[in-house]
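The entries are in the order in which I worked.

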Amino acid sequence: MENKQVTRDTTLEGGMAKKIVIVVFSFIEVILGFRFVFKLMGANPSNVFVKGLYAFTQLFVGIFEGIFSKATTAGAETEAIFEPATLIAIVVVALIAWGVMKLMSERTSSTIKHTDLSTPQPVQTTATPVQPEHAPVTPVAPEHNEQTDQTNHSN
């Protein structure tokens with residue numbers, strides 16, 4: 001058997017999850033923004049759309065009510081309400097979204113590797129000649145003269 005290595009890049013999986021988180025948190029932020037503007041502009045709370053919006057966003061705003069008091073102004077036909085709880089909810093939801101995205105960004109760039117080493121393979125090595133770091137030294141032949149030849153022959 002041979003070694004088998006499987007590599008799976010999780011970037012696409014993490015990218016899809018990131019997109020879903022962004023869409024969900026963006027939707028919550030937008031509807032909280034609508035609530036804030038509708039309350040501030042004095043939208044008719046008996047309107048079906050406004051009533052549904054207030055009911056749905058109460059889930060996010062309700063836990064922050066009472067931290068600051070509401071400011072209301074009575075107009076001729078409408079009552080404008082400045083609701084700090086909605087602004088706090090918008091900031092808290094944004095911070096939660098940022099935290100979730102930070103946690104997800106650590107995972108999304110990971111690569112999962114699986115190596116199967118059930119039957120080890122022998123390692124093949126090849127010898128590589130060592131290259132000298134400096135130029136090779138060539139031996140210099142001794143000078144040839146008659147006097148050295150005569151002393152060498154006389155012995």
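This is a predicted model: local features need pLDDT of at least 70, side-chain atom pairs count only at pLDDT 80 or more; totals for chains, interfaces and linings use all residues.

**Entry 1. Salt bridges.** I asked how many salt bridges the structure holds. The count is 4. I then looked for a network and found Arg35, Lys39, Glu65, Lys70 and Glu83 linked by salt bridges. I took the pairs in turn.

Arg35 and Glu65 meet through their side chains at 4.0 Å, N to O. This pair links distant parts of the chain, with Arg35 in helix H1 and Glu65 in the loop between H2 and strand S2 (71-74), 30 residues apart. I checked the accessibility of both partners. Arg35 has a relative accessible area of 1%, so I list it as buried. Glu65 is at 34% relative accessibility and therefore counts as partly exposed.

Glu83 and Lys39 form a salt bridge, also listed at 4.0 Å, N to O. Glu83 lies in the loop between S3 and H3 and Lys39 in helix H1, so this bridge ties together parts that are 44 residues apart in sequence. Both Glu83 and Lys39 are buried.

Glu83 and Lys70 form a salt bridge at 3.8 Å, N to O. Lys70 lies in the loop between H2 and S2 and Glu83 in the loop between S3 and H3, so the parts tied together here are 13 residues apart in sequence. Lys70 counts as partly exposed because its relative accessibility is 45%.

**Entry 2. Glu83.** Is Glu83 buried or exposed? Its relative accessible area is 1%, and the cut-off for buried is under 20%, so Glu83 is buried. Besides its salt bridges to Lys39 and Lys70, the Glu83 side chain makes a polar contact of 2.6 Å with the side chain of Thr86. I also listed what Glu83 touches, not counting residues up to four places away in sequence: Arg35, Phe36, Lys39, Val61, Glu65 and Lys70.

**Entry 3. Thr57.** Thr57 belongs to helix H2. Its relative accessible area is 0%, so Thr57 is buried. Which side chain does the side chain of Thr57 join in a polar contact? The partner is Arg35, at 2.9 Å. Beyond four places in sequence, Thr57 is in contact with Ile31, Leu32 and Arg35. Arg35 thus has a polar contact with Thr57 and a salt bridge with Glu65, and Arg35 is itself buried.

Entry 4. I turned to the nonpolar interior. In soluble globular proteins, nonpolar side chains tend to be buried together. The largest nonpolar core here has 14 residues, and the members that touch the most others are Val21, Phe25, Ile28, Leu32, Val61, Ala89 and Val93. H1, helix H2 (48-61) and H3 each supply at least two residues of this core. Which helix gives the most? H3 does, with 7 residues.

I took Ala89 as an example. Leaving aside neighbours within four places in sequence, Ala89 is in contact with Leu32, Phe60, Val61 and Phe64. Another core lies apart from the largest one; it has 5 residues, including Phe38, Val50, Leu53 and Tyr54.

**Entry 5. Pro84.** I checked Pro84, which lies in helix H3. Pro84 counts as buried because its relative accessibility is 11%. Not counting residues up to four places away in sequence, Pro84 touches Phe68, Ser69 and Lys70. I also noted a C-alpha to C-alpha distance of 9.1 Å between Pro84 and Gly66, which are 18 residues apart in sequence.

**Entry 6. Surface patch.** Last, I looked for nonpolar side chains on the surface. Val37, Leu40, Met41, Phe82 and Leu87 form a nonpolar patch there, with about 440 Å² of accessible area together. Helix H1 (residues 11-41) gives the most to the patch, with 3 residues. Leu87 lies in helix H3 (residues 84-108). With 34% relative accessibility, Leu87 counts as partly exposed.

Key:
Residues are numbered from 1 along each chain as its sequence is written. Side-chain values use heavy atoms; hydrogens and water are left out. Patches are made of residues with over 30% relative accessible area and no salt bridge: like charges are joined within 9 Å, nonpolar side chains (Val, Leu, Ile, Met, Phe, Trp, Tyr) within 5 Å. Accessible areas come from the Shrake-Rupley method with a 1.4 Å probe; for residues, only the protein chains shown count as cover. Helices (H or I, at least four residues) and strands (E, at least two) are DSSP runs, numbered from the N terminus. Buried means under 20% relative accessible area, exposed over 50%, partly exposed in between (1.4 Å probe, protein chains only). A nonpolar core is a set of buried Ala, Val, Leu, Ile, Met, Phe, Trp, Tyr and Cys residues joined through side-chain atoms within 4.5 Å. Contact means heavy atoms within 4.5 Å. A polar contact is a pair of N or O atoms within 3.5 Å; within protein, one must be able to donate a hydrogen and the other to accept it, and residues adjacent in sequence count only if both atoms are side-chain atoms.
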